[in-house]
Amino acid sequence: MEFSTISEFDPAFIQAPEYRPKLKVIEIDKLPIIDLSNDTKEVVLEIGEACKTWGFFHVINHGVPLELISRIMETSKEFFDLPLEEKKLAKRDEVNPMGYYDSEHTKNVRDWKEVFDFLAKDPSFVPASHEPDDTQRRTIRNQWPAHPPEFRDVCEEYAREVEKLAYKMLELISLSLGLSGDRLHSCFKDQLSFLRVNHYPVCPFPKLTLGVGRHKDPSALTVLAQDEVGGLEVRRKSDGAWISVEPVPYAFIINLGDATQVWSNDIYESAEHRVVMNSEKERFSIPFFFYPAHYVMLKPLEELVNEQNPARYREFNMGKFYVTRNRSDFKKREVENIQMYHFRIF
Ligand SMILES: O=C(O)CCC(=O)C(=O)O
Ligand SMILES: [Fe+2]
């Protein structure tokens, strides 16, 4: 990812003019910061409001040890500092989607980043193929680099802690929709959640590229840690402007994913976001994508549907959605990646 001249720069990184970031215009509008140590009723109200307005918010006093966040950031830096050949020993591919990868595409444009993906539950199970009639499933597993030696332990400990927070958020979001706190728990029994360590190297062409192109997370929700550099932007619903998410030290960002949008029958929406590049500083971020089990059929929850407010999505299978989506992360394809709105009824 070290391109010193434009001629070495892979044109696959270049965003179409309308999607290029305006680096100078930074809108200041602050995302809500929700203190999870407050009274639950109050927290639920604040979450409901934040989910409606933004689909994105910070949480503090979240229960994940702060030193663990520092440790995973440090060990991740050591990993990405390794020579490329060494990182590639744990390279992800179409057979094993977990591990190191440096050429992911979002909406068919290459992202200026390298990543390391690992499952929260090892092993996990996914459909064997995206073909609708294929009912086989297959096992996917983590692959770990030998260096740095503590990388695996730190990542696994971090995943366990953040998973607890993800369940807590699921519960609070369910309560904010007027459901029981454990309404959605059973969908996560064989969860397909994974974590991604994102490294965005310094970028000489921040006006042409993005670290991650605009997208919505297909998860139920995402629990995201970011370092102090900044670059994440969220699309404001009221006017479509891109708002930069100022880092709040040791807070987590919670963003709603597509699965919650479908369950809530559009009461909540997953927010579009992207990452703009920095020509001076590298950046690290670590999302935990909280995914239901592959066999879960996603559809609006019965409690939230009635005659006046009929279901806006037809049912679809989480696992098939996941594997279909993953196919196009690996290479530029000519067709649009599958999106949740393809299952919209009206
Ligand atoms: O790096 C970030 O802050 C966000 C990354 C992200 O949106 C993603 O990996 O889905
Ligand atoms: Fe994302």
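Q: Where is Pro 148 found?
A: In this predicted model, Pro 148 sits in the loop between strand 8 (137-140) and helix 4 (151-176).

Q: What makes the bond from His 147 to Pro 148 a cis peptide bond?
A: The peptide bond from His 147 to Pro 148 has omega near -10° and is cis. Most peptide bonds are trans. A cis bond also joins Asp 122 and Pro 123, with omega about 5°. Pro 123 belongs to the loop between strand 6 and strand 7 (124-127).

Q: What is noted about phi of Tyr 250?
A: Its value is near 65°, which is positive, and Tyr 250 is a residue other than glycine. Most residues other than glycine have a negative phi. Tyr 250 is placed in the loop between strand 13 and strand 14.

Q: How confident is the predictor in the protein, by mean pLDDT?
A: The mean pLDDT is 91, on a scale from 0 to 100. Of the residues, 93% reach 70 or more. Where pLDDT is low, the predicted coordinates should not be read in detail. The model also scores ipTM 0.99 and pTM 0.93.

Q: Why are strand 1 (33-35) and strand 3 (99-101) said to stand at the edges?
A: The open sheet of eight strands runs in the order 1-2-14-11-16-9-6-3, with mixed pairing. Strand 1 and strand 3 each have a single partner strand, so one side of each is left without a neighbour in the sheet. Neighbouring strands of this sheet are turned by 25° against each other on average, with direction ignored.

Q: How do you know that strand 6 (residues 114-119) and strand 9 pair?
A: Pairing requires at least two bridges. Strand 6 and strand 9 have six bridges, in the antiparallel sense, and therefore count as paired. Within strand 9, Asn 198 stands opposite Val 115.

Q: Which helices pack on this sheet?
A: Helix 1 (residues 40-53) touches strand 1, strand 2 (56-60) and strand 14 (252-256), and its direction makes about 160° with that of strand 1. Helix 2 (residues 66-80) touches strand 6, strand 9, strand 11 and strand 16, and its direction makes about 115° with that of strand 16.

Q: What makes strand 10 (212-215) and strand 13 (242-244) edge strands?
A: Four strands form an open antiparallel sheet in the order 10-15-12-13. Strand 10 and strand 13 each pair on one side only.

Q: How do you know that strand 10 and strand 15 pair?
A: Strand 10 and strand 15 have two bridges in the antiparallel sense. The criterion is at least two, so the pair meets it. Val 212 stands opposite Val 275 in strand 15.

Q: Which residues surround ligand 1?
A: The shell consists of Arg 196, Asn 198, Val 212, Asp 217, Leu 224, Gln 226, Leu 232, His 273, Val 275, Ser 285 and Pro 287. Two or more residues come from each of strand 9 (194-200), strand 11 (221-226), strand 15 (273-275) and strand 16 (283-290). By class, the shell has five nonpolar, four polar and two charged residues.

Q: Which residues carry the name "domain: Fe2OG dioxygenase"?
A: The name comes from an unreviewed UniProt entry, which places the feature at residues 191-292. That span is 6% helix and 39% strand, and its end C-alpha atoms lie 5 Å apart.

Definitions and conventions: Residues numbered from 1 in each chain as written. Chains lettered and ligands numbered in written order. Predicted model: local features only at pLDDT ≥ 70, side-chain atom pairs only at ≥ 80, totals over all residues. Near = placed C-beta within 6 Å. Nonpolar A, V, L, I, M, F, W, Y, C, P; charged D, E, K, R; others polar. UniProt positions renumbered as here; feature names shortened; annotations may be inferred. Axes fitted to C-alpha atoms, helices over the stretch in contact; angles between N-to-C directions. Contact = placed C-beta atoms within 7 Å.
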